[in-house]
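Hello,

Here is the structure I promised to pass on. Please look it over first; my notes follow below.

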Amino acid sequence: LEGEIVNMLKEQRDINPRTRITKFCPIQKLHGDRNVKKDWEPIMPRRLWYIVLEDALTTRFKEDLLWSNISNNDAHLIASTLLNFVVDIQGKSTFKEEFVTAGGVCLKNLTK
């Protein structure tokens, strides 16, 4: 799975080299027709993608970092972080955002 993610990230680097890496998560899931662009959507919200990038790239991370500046090693770091990312949930937020982004998580992947 890590190799597939790395390939998706490298593909994004080739397709959109002048796009900021923080603009959207390039790893997408299909909801309908494979040939219709609007039927594809990122696997995570932009805010979570931003946090994953901060965690993976640490000192190299900048908000205006472009895909063209992502090395093969960076792609591996991002993929590894995505696969091993732990989120500590400490209850509901004051804005009840858990209802906006609810669902899409396989319960078998959650630990107590």
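**Confidence**

Confidence in the protein chain is highest in α3, at a mean of 92, and lowest in strand β1 (residues 28-30), at 73. This is a predicted model. The chain has a mean pLDDT of 80. Of its residues, 73% reach 70 or more. Where pLDDT is low, the predicted coordinates should not be read in detail.

**Overall layout**

The protein chain holds three helices and two strands. Along the sequence they run α-β-β-α-α. There are 112 residues, and buried ones make up 25% of them. The accessible surface is about 8400 Å². Carbon and sulfur atoms account for 53% of that surface. I also looked at contacts between residues at least 6 apart in sequence: 59% of these join residues at least 24 apart.

**Helix α3**

α3 covers residues 72-84. Does its length agree or disagree with its residue count? It agrees: 13 residues at 1.5 Å each should span 18 Å, and the end C-alpha atoms of α3 are 18 Å apart.

The buried residues of α3 are Asp74, Ala75, Ile78, Ala79, Thr81 and Leu82. Viewed down the helix axis, they fall within an arc of 160°, so they line one face of α3. Their cover includes α1 (2-15) and α2. The face turned away from the buried side carries Asn73 and Asn84, both exposed.

**Leu82**

Leu82 sits in helix α3. Its relative accessible area is 17%; that is under the 20% cut-off, so Leu82 counts as buried. Which residues does Leu82 contact, leaving aside its neighbours within four places in sequence? They are Ile5, Ile27, Met44, Trp49 and Val52. Of these, Ile5 falls within the residue range of α1 (2-15). Trp49 and Val52 fall within that of α2 (46-57). There is also a pairing to check by C-alpha distance: Leu82 and Ala56 are 26 residues apart in sequence and 8.4 Å apart in space.

**The salt bridge**

How many salt bridges does a search of the whole structure find? It finds one. Asp74 pairs with Arg60, and their closest N and O atoms are 2.5 Å apart. Asp74 lies in helix α3, while Arg60 lies in the loop between α2 and α3, so the bridge ties together parts that are 14 residues apart in sequence.

Asp74 is buried, with a relative accessible area of 3%. Arg60 is partly exposed, at 36%.

**Thr58**

Is Thr58 buried or exposed? Thr58 is exposed, with a relative accessible area of 52%.

**Where to start**

I would open the view on α3, where mean confidence is highest. Then follow the salt bridge from Asp74 to Arg60.

Best wishes

Note on methods: Residues are numbered from 1 along each chain as its sequence is written. This is a predicted model: local features need pLDDT of at least 70, side-chain atom pairs count only at pLDDT 80 or more; totals for chains, interfaces and linings use all residues. Side-chain values use heavy atoms; hydrogens and water are left out. Helices (H or I, at least four residues) and strands (E, at least two) are DSSP runs, numbered from the N terminus. Buried means under 20% relative accessible area, exposed over 50%, partly exposed in between (1.4 Å probe, protein chains only). The expected span of a helix is 1.5 Å times one less than its number of residues. The arc is that of the directions from the helix axis to the C-beta atoms. Contact means heavy atoms within 4.5 Å. Accessible areas come from the Shrake-Rupley method with a 1.4 Å probe; for residues, only the protein chains shown count as cover. A salt bridge is a side-chain nitrogen of Lys or Arg within 4 Å of a carboxyl oxygen of Asp or Glu. pLDDT is the predictor's confidence in each residue, from 0 to 100.
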